[in-house]
Number of protein chains: 4
Amino acid sequence: MPQIAMLGSGFIARFYADSILGQRSRDKIVSVYSRRTESAGAFAMKYGCVHATTDMEVAIAHPEVDMICIALPNDLHEAAVMLCCKHGKAVMTTKPLGRTAAEARRMLEAVEKAGIFNGYLEDLVYTPKFLKALDSVQNGALGRILWAKSRETHPGPHSDWFWDLEHAGGGCILDLGCHCVEIARSFIGKDIRPVEVMCWAETQVKPIEAEDHAIGLVKYENGAIGQFEVSWTFRGGLDLRDEVMGTEGTLWINNFLRTGLEMFTTGKGADYVSEKAESNTGWLFPVGDELNDLGYNHMFTDVFNAFEQGRAPRETFYDGYVVNAILDAAYRSARTKLWEPVVLDVWRGRTGVTRDSHLTEYDQDHYLIKEETTHYGARKVILKHKTTGQITERVLS
Amino acid sequence: MPQIAMLGSGFIARFYADSILGQRSRDKIVSVYSRRTESAGAFAMKYGCVHATTDMEVAIAHPEVDMICIALPNDLHEAAVMLCCKHGKAVMTTKPLGRTAAEARRMLEAVEKAGIFNGYLEDLVYTPKFLKALDSVQNGALGRILWAKSRETHPGPHSDWFWDLEHAGGGCILDLGCHCVEIARSFIGKDIRPVEVMCWAETQVKPIEAEDHAIGLVKYENGAIGQFEVSWTFRGGLDLRDEVMGTEGTLWINNFLRTGLEMFTTGKGADYVSEKAESNTGWLFPVGDELNDLGYNHMFTDVFNAFEQGRAPRETFYDGYVVNAILDAAYRSARTKLWEPVVLDVWRGRTGVTRDSHLTEYDQDHYLIKEETTHYGARKVILKHKTTGQITERVLS
Amino acid sequence: MPQIAMLGSGFIARFYADSILGQRSRDKIVSVYSRRTESAGAFAMKYGCVHATTDMEVAIAHPEVDMICIALPNDLHEAAVMLCCKHGKAVMTTKPLGRTAAEARRMLEAVEKAGIFNGYLEDLVYTPKFLKALDSVQNGALGRILWAKSRETHPGPHSDWFWDLEHAGGGCILDLGCHCVEIARSFIGKDIRPVEVMCWAETQVKPIEAEDHAIGLVKYENGAIGQFEVSWTFRGGLDLRDEVMGTEGTLWINNFLRTGLEMFTTGKGADYVSEKAESNTGWLFPVGDELNDLGYNHMFTDVFNAFEQGRAPRETFYDGYVVNAILDAAYRSARTKLWEPVVLDVWRGRTGVTRDSHLTEYDQDHYLIKEETTHYGARKVILKHKTTGQITERVLS
Amino acid sequence: MPQIAMLGSGFIARFYADSILGQRSRDKIVSVYSRRTESAGAFAMKYGCVHATTDMEVAIAHPEVDMICIALPNDLHEAAVMLCCKHGKAVMTTKPLGRTAAEARRMLEAVEKAGIFNGYLEDLVYTPKFLKALDSVQNGALGRILWAKSRETHPGPHSDWFWDLEHAGGGCILDLGCHCVEIARSFIGKDIRPVEVMCWAETQVKPIEAEDHAIGLVKYENGAIGQFEVSWTFRGGLDLRDEVMGTEGTLWINNFLRTGLEMFTTGKGADYVSEKAESNTGWLFPVGDELNDLGYNHMFTDVFNAFEQGRAPRETFYDGYVVNAILDAAYRSARTKLWEPVVLDVWRGRTGVTRDSHLTEYDQDHYLIKEETTHYGARKVILKHKTTGQITERVLS
């Protein structure tokens, strides 16, 4: 039963607090730090914190606190993590871990050197649908995974600092791509090494320096391909979809815009419907329970259980570091227009993985290309001769 | 933090236990009663109960137990409730409350006389989508509610006793209709009196005495109409859908078969996908998190919070009694082929409610029938003269 | 290649003309009749008719015309049909055929006595999805049909006469129920006799005498049940859905609001999106091709092919008569609150049909209630003893 | 009313013939050419051709023929087109036009030199949903187009020659990418020059030399980006989806797997359900009318109307040439791993198009980044100072 200090009191800190206090209802947020006194006070009032401060270290060092939740702008993560190390407190950090892999690696090394519990708060690999889907994938329902795509687009973040390249460290690639990269990586296998990245990124709509739209491809050592589609220019709400193709199946996940609740209203009486919805009239598609459907509940359950059981959570700083390394390569690729290697000085997964063969034996002389039932009911195979390479059809019955 | 005794160890008892132990992770099932020793033992082992018994009263009277969860066949509810009253223990009962309104009323009167906490475990008015939808309805997003339909159909229950008229007290009307009736009643308003019921019911497919398919209409005092569609003969999984029409909007809820997770598999590797799914190959539509999506988590949160706060939960024995009274009328109607009155000796809602007027004023002389934009962009009204009754069109611009 | 006279120049006449001229592009509308000169002229101009008149008989009798298309208000159908009989011209009539079965029967007897080709323009049993679904049902993909429901609801018709009980002969039951009844009847089997009807109908919202919302159940001789849900008070567009349950499968058709084209727009630039849409902003769901998706193209293809081949089309005046007989029973039931018999003085389908047995043999001593795979992978059967009636479970493996 | 010679008698020739003879029902296929006598004969029998031959030139030169439909493997297009030029017959060719842009350009120059009518049979820019969507885009409903993605994946083609690199000229990029490229190009604007292409392509599953999975990005001169996702390794049927993002809206098209007809069947009685479906049991998603839903009907209507009216159809050999040029760049990119320029020796669209500004004026000193309604109902803007670049939030009310 951890006693938590929350660093930050904004949008994401409140989402976290709602989940932490709502879901297990036995964890406590003891202390809150915010840069502004009134924000810290309002947060403490709402979430029943006994302590509020504008001094980050005081919150971290508070004697009743044993776990720190970092919900700060990206440029403040590293300093906060270092203070946790200094005081030997368990730490969990919002995504992305760093603005760059270099930052992430310093944080990783620091927490490991300090020997403290560390969790990476990547909520979207904890959504109920993702967990169910991953379970099916790991049971083999889709066969060998060929491609995993994740898409997160919406009309842009709520707070000013996201739009500021210095504070945020990047645009939608860093803000949203970190989710997508970890989702695809999870389906393909977190022990499979990401090799190189190609990324297109542009500032198409917003008057900012960072990219507001990007598409990237990530090659993995086993021949699988990951894909991310991210944007701050999407109109229509929060679009959160994943797709996976395997040799034996297909998966489609829609986490937000089409989940089975559909409402039409002429507009009388409706107000806040859901995060990042753009309208209160016409056809609306709220989710039932945002905290659960976005993965917050299952994430904190895993983190707190891990903390209590003395094990690592599903997502650690190491995962955050790998994600940052992939995103670094994406940013380089967007500039150089080349496939850029993923630089991973620390790699803890499998090595020397080779690609699976694409030669399916049919008989002594042939490979099987395809087997199908024709529309007139016959079974047909298309074969390739092993030596001549000739391709032929055979109708079997 | 209630200490619970679970009466029953079957399918529904296990669903309840998974939710109770999983969701708040601070409540305990201290004791379990089952008719068979080995079932009680297996349940106790799995859910960490310190006490298991084949004597129901012993479980109820256990000194560490302060709340009883009845998860027994319908014909055993009344006896169990009476024992809770005798020992002054809080009680929550699975649906339906009774096999008849007479049974339900005796239970209601007993718990109220004994002054014990009582909860009616109607999970489907606690699904996240239902709660979100109800909130919108209560905020007026749909205007005045005209019609609320709920549908629950599947290929039939898992346990033998459901199919036995004596134990179950009825067929799919009692088993599934209790959910549907309470869902529709909630949208229309639990303070609005249900007046009369028309029901068609048949045994179309199964070799049983009870009905395996039924459709019913429930008239409410304010002119709104409820509808239920229930069956044990549906093919394709568990179909759980609600629809609501109001003067200002429409609501569609799909709780199970189309929730945003879609999977195709050739069948290698997949096994148990979800409750009442009929297939493990082809296109499958599992939900992410059955316990949450079927309402169990939000239900027990409400019940336990209510217990701790000394208030009544959203659903009490009184609601169970009203539902039984409506279902009684449905059974009578299926036999008599008449609209049958809902007999409610105890009515605690509003009385003397009149129907809303359907006369919308347009100007001094006319009512407004319809206002629309034509496909050539003009605004058009259709009016009825107040005294002559003549209906005319006017193109406004 | 029929030469057509169109009677009527309103909304439905234009839909018909768009389909007739667009789809085969070899049929001609030679003449048009309208009550108002300017309407007849505008229609003739748009659709290239060489003749326009305000005298209905002149249009029918026109020497180049060999087929009449009746697209008039309901109260004018009979007079128009009688003129077609008088002049021996082929006739096709919009739905419903009559305002009552008595009217419909007079029309049926007249065209048959006159020996003229007659088609009933029930477009919704010609939608591509319906045709595909019906084909599957007739091939046995759903097994024995148990229930067929059709729903048509929208915010009310475009023209004034629909709202006037005298001209229209009824409200949404007659206007929309005629579609739903024929859809359900087609799935159940047009040769199966409809026996009795229960209907709830109310005027919930509109200041009119006719019903604006109704739900009806139609029992068929073989034990199947049809259902219609119709309303002029629905908000959100044109809701056209069918559902069918059979012993071996399930069918869901959505003809209009969810067909695979989804659009979000802030509202700049969009105008007429689709029939009966209520909004031009937010999420919109236009169909690709209204004429095709609503069945007009396939309907006229069948009617014209039938005419040229000297056979009857799929839907004739006889079908229109049966539908009117069912709707008459619905109206009586709404008044008497009783199940009302369907009075069919002329019945051309099967007679003496009995209900299928619901006793499925399992072994010499037992009927099979249910067979399922449990979540722990075992196969389980639930059986009923033939003589004792006892219900038991058996786990097979 | 063209008199047609069909070159080819396989899968696509039959699809074309079904549409040509079914839809307008006034066009005739006079002659058919096939490499094998029995195929030619069977086709002629089925589609009522008065002439069948194994000599391609004889079919083309047939005196009653005035339009040639090329439905041959890719490597035979050029020779067939040259014969059409020689005999001065109108020609329409299945997709892709050529195996390379060089081939396509020779065909383009030949038909233009010969002055013959030429149509490019790209059916997927004629699906009803695409046409409706394009209309909305051209009306401005989505604002400025930022991204257009098209996806076509399925388990692989039906005929042997597709799998043979020599005959086909490529794998899924050429077979499916030609569709996707023209769809995206149409949404972005066919007068906007495609500039460069990045493509990933692999042979992941099939024992073939050509690629069986590819993803490509196409940059356009105005800053918009096109995307294609193509595969012959998809499991689950024929996945045909398009997505478009604009500054004012979003479009999602599903042409095949989710169109509003959903069927569950245990498998008794169902047989051929739809093109490239992989299963006949469980949940199935047939389209209502394949010929119409895949665009064939609207395509031939346009081509024949264009022919009769002496105008060019929507899609000509020039479009086929542009598509081939883009696909050539994709193939080069898959090899070089670089963004490859689209080489268009012939360009007939706009030139010198510049990118739209992404600076939205808010007031004299600021650009507008975002405007939103917060969940507590206030209106908030996020602004960027024009000179200092500082980003700030303002709550307006």
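**Aromatic pairs and their setting**

Mentor: In chain A, 39 Å separates the C-alpha centres of domain 2 and domain 3. The model is a predicted one. The division of chain A gives domain 1 (3-122), domain 2 (125-291 + 315-341) and domain 3 (366-395).

As for the rings themselves, a pair of aromatic rings is described by the distance of the centres and the angle of the planes. Over all chains, 58 aromatic pairs are counted. One of them joins Tyr16(A) and Phe300(A), with 5.4 Å from centre to centre and 80° between the planes, an edge-to-face arrangement. This pair links distant parts of the chain, for Tyr16(A) belongs to helix H1 (residues 11-23) of chain A and Phe300(A) to helix H10 (residues 296-309) of chain A, 284 residues apart. Tyr16(A) has a relative accessible area of 1% and is therefore buried, the limit being under 20%. Phe300(A) is buried as well, because its relative accessibility is 0%.

A second pair is formed by Trp252(C) and Trp283(D): the ring centres are 5.1 Å apart and the planes stand at 45°, so the pair is tilted. This pair crosses between chains, with Trp252(C) in strand S12 (residues 249-254) of chain C and Trp283(D) in strand S14 (residues 282-284) of chain D. Trp252(C) is buried, with a relative accessible area of 8%, and Trp283(D) is buried at 4% relative accessibility.

Both tryptophans also belong to a cluster linked by ring pairs, which consists of Trp252(A), Phe264(B), Trp283(B), Phe285(B), Trp252(C), Phe264(D), Trp283(D) and Phe285(D).

Charged side chains also lie over aromatic faces. Arg241(A) is placed over the face of Trp252(D), at 4.5 Å from the ring centre. Within chain C, Arg258(C) lies over the face of Phe285(C), and here the distance to the ring centre is 3.8 Å.

Two copies of a chain are related by a rotation about an axis and a shift along it. Chain C is superposed on chain D by a rotation of 180° with 0.0 Å of shift along its axis, at an RMSD of 0.0 Å. The two copies are therefore related as by a two-fold rotation axis. Of the interface residues of chain C, 100% are also interface residues in chain D, so the copies meet through the same surface.

Notes:
Residues are numbered from 1 along each chain as its sequence is written. Chains are lettered from A and ligands numbered from 1 in the order in which they are written. This is a predicted model: local features need pLDDT of at least 70, side-chain atom pairs count only at pLDDT 80 or more; totals for chains, interfaces and linings use all residues. Side-chain values use heavy atoms; hydrogens and water are left out. Rings of Phe, Tyr and Trp (its six-membered ring) pair if their centres lie within 6.5 Å; planes under 30 degrees apart count as stacked, over 60 as edge-to-face and the rest as tilted. Helices (H or I, at least four residues) and strands (E, at least two) are DSSP runs, numbered from the N terminus. Buried means under 20% relative accessible area, exposed over 50%, partly exposed in between (1.4 Å probe, protein chains only). A charge sits over a ring if NZ of Lys or CZ of Arg is within 6 Å of the ring centre and within 35 degrees of the ring normal. Domain bounds come from an automatic or database domain assignment. Copies are superposed by least squares on the C-alpha atoms of residues with pLDDT of at least 70 in both. Contact means heavy atoms within 4.5 Å.
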